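Dear colleague,

I am handing over the structure we spoke about, and you will find it directly below. After it come my notes on what turned up when I went through it.

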Amino acid sequence: MLDRRADRLWTYEEPLRFLGFEIGRIMTVIRLSSGGLFVQSPAKLTPDLESHLSDLGEVRFVAPASKLHGHLYMEEYRETFPGVALLAAPGLPARRPDLTFDALLGDTPDPRWSPDVDQVAVMGNRWLTEMAFFHRPSGTVILGDVGYHVGSESPLRTRLMARTMGVYGRVGPTLDFRLTIRNEATFRRSIRDVLAWEFDRVIPGHGEVIESGGKRAVIEGFDRLLSS
């Protein structure tokens with residue numbers, strides 16, 4: 001159900017079809033030093049998942065990576081976990097007027113989770129501002145759509161799509177994301193802020209987790225964007 005990646009760090013994977021391709025998506029769960037849970041890119045809240053989360057601790061914060069996918073089930077977490085704070089990525093409040101958000105995410109982490117989690121707003125794309133997170137205790141970077149990593153375990157059609165989009169065996173954004181970067185200098189600055197963190201593991205928004213060598217993988221995956 002939940003894969004333990006490190007001390008106080010778990011992932012959960014669920015199917016997701018996008019434009020006819022099965023790309024899946026990864027939810028990350030962090031147990032904060034305060035004892036509560038920080039949930040990134042929340043998955044559909046099945047009874048089994050609810051039970052497993054409750055076993056880990058109290059769900060206190062739910063955060064999406066962007067306005068694209070990670071908000072899909074946020075209303076279920078508000079209904080199920082009393083007192084949970086829903087956090088909005090830039091642009092999400094306009095997309096989800098049915099939800100009341102407790103905070104808008106930016107470059108500065110809230111003191112309630114900053115002892116464990118840092119964050120960067122990855123800006124420069126025309127349509128999406130992504131939130132990248134860093135789990136300090138385990139040296140783990142957590143990405144969204146800016147971080148696909150499709151490998152050999154994915155379905156054949158997805159692997160073929162990933163080769164076309166430039167994300168097969170590489171960490172990075174798909175071709176369509178790269179083509180809609182309107183401010184390359186701002187985007188490069190955001191990625192360099194991510195690379196300033198001391199990390200080894202990378203949890204992508206879609207694909208396969210990189211357990212070690214993650215920093216080198218991000219540098220290689222973004223090399224063209226960083227050097228342009």
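**What was found**

Ser54 is partly exposed, with a relative accessible area of 43%. Please bear in mind, here and throughout, that this is a predicted model. The residue belongs to helix H1, which covers residues 47–56, and a polar atom of the Ser54 side chain lies 2.9 Å from the backbone oxygen of Glu50. Ser54 and Val29 are 25 residues apart along the chain, and their C-alpha atoms are separated by 12 Å.

**The four-stranded sheet**

An open sheet is built from four strands in the order S10-S11-S12-S14, and its pairing is mixed. Strand S10 (117–122) and strand S14 (201–203) stand at its edges with a single partner strand each, so that one side of each is left without a neighbour in the sheet. Averaged over the sheet and with direction ignored, neighbouring strands are turned by 20° against each other. Within this arrangement, strand S11 (residues 130–135) and strand S12 (residues 140–142) run antiparallel and are joined by three bridges, and Phe133 stands opposite Ile142 in S12. Helix H6, made of residues 184–195, packs on the sheet and touches S10, S11 and S12, while its direction makes about 165° with that of S10.

The loop between S11 and S12 contains Ser138, whose side chain makes a polar contact of 2.8 Å with the side chain of Thr140. If neighbours within four places in sequence are left aside, Ser138 is in contact with Ala6, Leu9 and Arg201.

**Strands S7 and S8**

Strand S7 (residues 59–63) runs parallel to S8, and two bridges join them; Val62 has Leu86 in S8 as its bridge partner. In a regular strand the side chains alternate between the two faces of the sheet. In strand S8 (residues 85–88), Ala85 and Leu87 point one way whereas Leu86 and Ala88 point the other way, and all of these residues are buried.

**Aromatic pairs**

How many aromatic pairs does the structure hold? The count is eight. A pair of aromatic rings is described by the distance of the centres and the angle of the planes. For Tyr77 and Phe81 the ring centres are 6.0 Å apart and the planes stand at 40°, so this pair is tilted. Tyr77 is buried, with a relative accessible area of 0%, and Phe81 is buried as well, with a value of 9%.

The pair formed by Phe187 and Phe222 is also tilted, with 6.3 Å from centre to centre and 35° between the planes. Phe187 lies in helix H6 and Phe222 in the loop between helix H7 (214–221) and helix H8 (223–227), so the pair ties together parts that are 35 residues apart in sequence. Phe187 counts as buried at 2% relative accessibility, and Phe222 counts as buried at 1%. Elsewhere, ring pairs link Phe38, Phe61, Trp113 and Phe133 into a cluster; the Phe133 of this cluster is the residue that stands opposite Ile142 in S12.

**Helix H7 and its surroundings**

Which residues of H7 are buried? They are Gly214, Ala217, Val218 and Gly221. When one looks down the axis of H7, its buried residues fall within an arc of 100°, so they line one face of the helix. What covers these buried residues includes H6, S14 and H8. Of these, H6 is the helix that packs on the sheet described above, and S14 is one of the strands at the edges of that sheet.

**His206**

The side chains of His206 and Asp145 are joined by a polar contact of 2.7 Å. His206 and Leu226, which are 20 residues apart in sequence, lie 22 Å apart in space, taken from C-alpha to C-alpha.

How values were computed:
Residues numbered from 1 in each chain as written. Predicted model: local features only at pLDDT ≥ 70, side-chain atom pairs only at ≥ 80, totals over all residues. Heavy atoms only, no water. Pairing = 2+ DSSP bridges. Axes fitted to C-alpha atoms, helices over the stretch in contact; angles between N-to-C directions. Contact = heavy atoms within 4.5 Å. Phe/Tyr/Trp six-rings, centres within 6.5 Å; stacked < 30°, edge-to-face > 60°. Buried < 20%, exposed > 50% of the residue type's maximum accessible area, 1.4 Å probe, protein only. Arc of directions from axis to C-beta. Polar contact = N/O pair within 3.5 Å; in protein donor to acceptor, adjacent residues only side chain to side chain.
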